[in-house]
Amino acid sequence: MQVRRLAAWTALPLAVTLGLAACGSGGNGGSGKSNPNAAVSIQIGEPQHLVPTNTTETSGSQVLAGLFSPLVDYDAQNKPYEVAAQSVASSDNKVWTIKLKDGFTFHNGQKVMSDDYINAWNYGAYAPNGQGASYFFEKIAGYDDLQSVDPDGDGPKAAPAPKAKTMSGLKKVDDQTFTVTLSQPYIDFKTMLGYTAFYPLPKAAFSAPGVLKDSYEQAPIGQGPFKMKGTWQHDAKIEVERYDAYPTEKPKVQGVEFRIYQQLSAAYADVLGDNLDVIPTIATENMSSAAADLGDRYKTSPMSSFQFLAFPTFDKNFSSPDVRKAISMAIDRDEITKSVFKGSQQPARSFVSPVLPGYRDNTAGAAGNFNPTEAKKLYQAAGGPAKITISYNGDGGHKDWVDATCNQLKANLGVDCVGSAEPKFADLLTKVEKKQPVGLFRMGWVMDYPSMEDYLGPLYSTNGSSNYYGYSNPEFDKLVKEGSAAPTQEEAIKKYQQAEDILAKDMPVIPLRFGQNVYGSSTKVKNVEMDLFQRVNLVKIEAVS
Amino acid sequence: MFRYILRRLLQMVLAFFGTTLIVYALMFAGQGDPIQALAGERPVTAAQRAYLTEKYHLDATGVGGFFYRYFDYVKNLVQGDLGESLTGRSIGQILQQAWPVTVKLALIALAVAILFGVTAGVIAGIRRASIFDNSTLLLTLLVLGIPTIVLAPLAQYFLGVKLQLFPPTAGSNPTFYALLLPGIVLGSLSLATALRLTRTSVAENLRADYVRTAKSKGLLRRRIISVHVLRNSLIPVITFLGVELGNLMSGAIITEGVFNIPGVGFNLFRAIKTEDGPLVVGIVSVLVVVYLVSNLVVDVLYAVLDPRIRYE
């Protein structure tokens, strides 16, 4: 008894010493021979859903990326190329003909046909199904007929059934071909098809036309490189194994175990202990030691996230663009990304992500460059307020950089600045919607598909879904609209870039940082690659024996 | 005795509904926008908002709305249906999966506390002011001073990652061995308290009149300690451990998070984070039952340990 208790306590200092001695010797994963018969494990959170049209978060999307194969994927330049599609073509960008590649079968043996796409998309768009990704179909003709408006808003009455159950824009030509008619020409439709929402669903998924089986998402049947092994074990894991009839690039591992974690630091400890193979995101608290712990198994790659500060238009204190530019100029982005984020994020001086075709460096111009003297002069000339508040959600680890930003504004503009935390992002949005004074507030954006329009549309257009701050410029809206209706990609990008130039003049938001994937792997895997959507490339990863 | 237990059980029914009402009211009052919380920072489409609002009666607000939703909840509860979480999972099933592992973890922690805490406490009480007594005092103060949020990651890092004596996390369907480290971490706080409590109690009883009498009768020392001292010293310790069992089950939020054990604390944490009212109420209701039952067991045990106590 006595001895055991004492032994436990002498073990701890000993452990500290050993632990320190072991530091710095990490690394050198990814050597050795590839073993095609081994499985790998990847960290995810508990997915909310595993129905393609209801999956908008990373964990679900990671699992579905294994079970399904998209119509198009993105190459090194982030331009779309066909995978499950033979061709995606249009002469006017309004009527698109999608021809499916031969040889794709669902995991239950059913051949993939054009009906499987049409049924899945109609299911996703039909409002009463309440699918989270339904807005992806809103560009397709007839989408509005599948929606219905609740007559008394949040009141007790239910919305009436929509006029139609299927979109008039989806037409089957033959078993391998179908056409999609959009309500307006849209140049980036092909790019959009790479998103999770556009996967097909097999006949077995439906219990009646338009009615999805409740049990489907417990063991989704897809047409991708992996098939389900057993069912979704909630809060524990989802296991998939190689689907041998997959017609294109076959995976190099026998299977994948998606292991569910609630805390990233727990997953990180497992990667250090070789108990888990890949952690797609390393938590901020582990960032300072991760490079030393993991050596060359610590990696970064481009990702699309974009962090910025927004000015609510109802707050007249910030209505002058010069005030907004002055605040932007007073922020030293390089310093914050280095000291607070340890280089895991990149400073942003443009309004769209660098991963996009059409991205240009430093479109914010002078306003993006740190210049305290000029900033103070401009701020005083434009009559900026003496007190600035920066609101943020307290549950996302934003306190450190908001405080750092505030300190810079205090020092460089000579104003008073406080960071104000709301418990959750939803609380922050409610305040903004009620036009309560929040000062500046933080926002983030991750793209759904690599197109400039996916930033310009939702974030800065008058009716943009995430334009909570109310920025509106008819000239800008017109250019974005012209861009998406342009006949060629080059012309579209030109229009988008002109629109971005307007943002530089108006400065509706202050770009702060672009994110990147910061991930780690165990010594038992190699060729771990991450895509722009924070997902591990499941076809490339290899197990090392 | 039988009537006493019956009376207590009837009181428990009342207490159970009282707490569900309070917890439901608190969740209701503190609720912001669960639909947006579910979507994170993404915009929520009107169609999805309408669908979820309708499904979970989120449009019923105010006092009337509260009672409408509460009675709806209780009606289903009486029929054994705990409802659905906001992601459409059955709460009954979530609890069914979460409870066994949490109970296992709590029992390991309790066993650690009894095995090490009570034994060491008895030894320290007998050898008062010895080196053993003083060193356990120091160690228990140390353990009581370190919060679990520090102790758990430290133990994980050194014993799990660096020395690899234990698996760093337990995961789902853990083996006994994988649960051992989290169990020790979880139980360390109760261990320290149990140790102090036993030590004081034993030390005090050793000076009691009946012990002196037993000594002068010439009884064996072993018999004096095991029968006369221990039995009387255990009464406060049993009270403490009985309540502690409930604490260990509900208080495992941090430990379960650090060691990735999908138990009750793990689910409670997520439910609070996503403002999932029905799930929080479901978990807390079951926790209340655990507390009530463990208190009843403690009270019944009193009568076994102390013949002076009689229940009518």
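Read along the sequence, chain B follows the pattern α-α-α-α-α-α-α-α-α-α-α-α-α. Its secondary structure comes to 13 helices and 0 strands, where helices (H or I, at least four residues) and strands (E, at least two) are DSSP runs, numbered from the N terminus. This is a predicted model, in which local features need pLDDT of at least 70 and side-chain atom pairs count only at pLDDT 80 or more, whereas totals for chains, interfaces and linings use all residues. Residues are numbered from 1 along each chain as its sequence is written, and chains are lettered from A and ligands numbered from 1 in the order in which they are written.

**Helix packing in chain B**

- The C-alpha trace of chain B spans about 85 × 55 × 30 Å along its principal axes.
- Helix H5 (residues 91-126) of chain B packs against helix H13 (residues 277-305) of chain B at an angle of about 45 degrees, with the axes 10 Å apart; axes are lines fitted to C-alpha atoms, for helices over the stretch in contact, and angles run from 0 to 180 degrees between N-to-C directions.
- That angle makes H5(B) oblique to H13(B). Angles under 35 degrees count as roughly parallel, over 145 as roughly antiparallel, 65 to 115 as roughly perpendicular and the rest as oblique.
- Ile91(B), Ile94(B) and Leu95(B) of H5(B) make the contact with Pro278(B), Leu279(B), Gly282(B), Ile283(B) and Val286(B) of H13(B); two residues are in contact if their C-beta atoms, placed from the backbone, lie within 7 Å.
- By class, this contact of H5(B) with H13(B) has 7 nonpolar, 1 polar and no charged residues. Ala, Val, Leu, Ile, Met, Phe, Trp, Tyr, Cys and Pro count as nonpolar, Asp, Glu, Lys and Arg as charged, and the others, Gly among them, as polar.
- The axes of helix H9 (residues 209-216) and helix H10 (residues 221-250) of chain B come within 10 Å and cross at roughly 155 degrees. H9(B) and H10(B) are therefore roughly antiparallel to each other.
- In this second pair, Tyr210(B), Val211(B), Ala214(B) and Lys215(B) of H9(B) meet Ile224(B), His228(B) and Val229(B) of H10(B). The contact has 5 nonpolar, 1 polar and 1 charged residues.

**Strands in chain A**

- An open sheet of 4 strands in chain A has the order S4-S5-S7-S6, with antiparallel pairing; two strands pair if DSSP finds at least two bridges between them.
- Strand S4 (85-90) and strand S6 (170-174) of chain A are the edge strands, each pairing on one side only.
- The twist from one strand to the next averages 20 degrees.
- S6(A) is joined by 4 bridges to strand S7 (residues 177-181) of chain A, and the two run antiparallel. Lys172(A) has Phe178(A) as its bridge partner in S7(A).
- Elsewhere in chain A, 7 bridges join strand S16 (residues 387-393) to strand S17 (residues 416-422), which run parallel. The bridge partner of Lys387(A) in S17(A) is Asp416(A).

**Interface of chains A and B**

- In chain A, 53 residues are in contact with 50 residues of chain B.
- Helix H1 (2-22), helix H5 (264-272) and helix H11 (425-433) of chain A each supply at least two residues of the side that touches chain B.
- H1(A) gives the largest share of that side, 9 residues.
- By class, the side of chain A that touches chain B has 21 nonpolar, 22 polar and 10 charged residues.
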